Amino acid sequence: MKGKQHQPHTGQSVRVGPYTIYAAGGSQLSEDRADEFDILIPLSDLFGHLEAEDHVVVECHLPDFGGVPEDWREILEQRIIPLLERCEQTGEKAVCYCHAGHGRTGTLLASLIALLESEKETPDPIVAVRERHCSHAVETRTQAEGIFALRGQEVPEGHSFHY
């Protein structure tokens, strides 16, 4: 599979549109490493131990191996993108993470790419996130459907999914 090979996801930077967000697997994100970030975006409810008092925490739980909520666009446009704008202005850092940093993390990243980058610039957000983050990003067809729905499109043929 094309893209970055599987590696530990401990908070590496990923460009989405004009912004930088950091991506991690919660199982690999130590408390010391989490302290390097100002804003935590847990995509799973399993990592409450990282929610320290000195962080802004924006919970955005997605089901493991599942899709996105009906109000996904609103969540991204009203909660996540304003945080990325804030980080751009203040120099703060936001990190998103699920268990391994693949499915839910990849879905969030690809969704941001779908919204923030034109179809001409980035025809396929899943290909883009697999190149920028990890070849295992976006694990299910259901996740892919939620990403492409943001652009009013069907999932293109040729994608492979791990589950």
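This report walks through the fold, the salt bridges, the surface charge and a few individual residues of a predicted model.

## About the model

Because this is a predicted model, local features need pLDDT of at least 70 and side-chain atom pairs count only at pLDDT 80 or more, while totals for chains, interfaces and linings use all residues. Residues are numbered from 1 along each chain as its sequence is written, and side-chain values use heavy atoms, with hydrogens and water left out.

## Overall fold

Let us start with the whole chain. The protein has five helices and five strands, and read from the N terminus its elements follow the order β-β-α-β-β-α-β-α-α-α. Helices here are DSSP runs of H or I with at least four residues, strands are runs of E with at least two, and both are numbered from the N terminus.

The radius of gyration is 14 Å, which agrees with the value near 15 Å that a compact globule of 163 residues would have. That radius is taken over C-alpha atoms, and the globule rule is 2.2 Å times the number of residues to the power 0.38. Along the principal axes, the C-alpha atoms fill a box of roughly 45 × 30 × 25 Å. Of the 163 residues, 48% count as buried. Buried means under 20% relative accessible area, exposed means over 50%, and partly exposed lies in between (1.4 Å probe, protein chains only).

## Salt bridges

How many salt bridges does a search of the whole structure find? The search finds five, where a salt bridge is a side-chain nitrogen of Lys or Arg within 4 Å of a carboxyl oxygen of Asp or Glu. One of them joins the side chains of Arg104 and Asp64, at 3.5 Å from N to O. This pair links distant parts of the chain: Arg104 sits in helix α3 (residues 103–116) and Asp64 in the loop between β4 and α2, 40 residues apart. Arg104 is buried, because its relative accessible area is 7%, whereas Asp64, at 45%, counts as partly exposed.

## A negative patch

Which residues gather in a patch of negative charge on the surface? They are Glu31, Asp32, Asp35 and Asp54. Patches are made of residues with over 30% relative accessible area and no salt bridge, with like charges joined within 9 Å and nonpolar side chains (Val, Leu, Ile, Met, Phe, Trp, Tyr) within 5 Å. In this scheme Asp and Glu count as negative and Lys and Arg as positive, while His and the chain ends are not counted. The place of a charge is taken as NZ of Lys, CZ of Arg, CG of Asp or CD of Glu. The accessible areas come from the Shrake-Rupley method with a 1.4 Å probe, and for residues only the protein chains shown count as cover.

## Residues worth a look in the loops

Phe65 has a phi of about 65 degrees and is found in the loop between β4 (56–57) and α2 (72–90); at 37% relative accessibility, Phe65 counts as partly exposed. Val138 also has a positive phi of about 65 degrees, and its place is the loop between α4 (125–132) and α5 (141–149). Is Val138 buried or exposed? At 0% relative accessibility, Val138 counts as buried.

Gly26 belongs to the loop between β2 (19–25) and α1 and is buried, with 4% relative accessibility. Its C-alpha atom is separated by 9.2 Å from that of Leu43, 17 residues apart along the chain. Leu46, in the loop between β3 and β4, is exposed because its relative accessible area is 58%.
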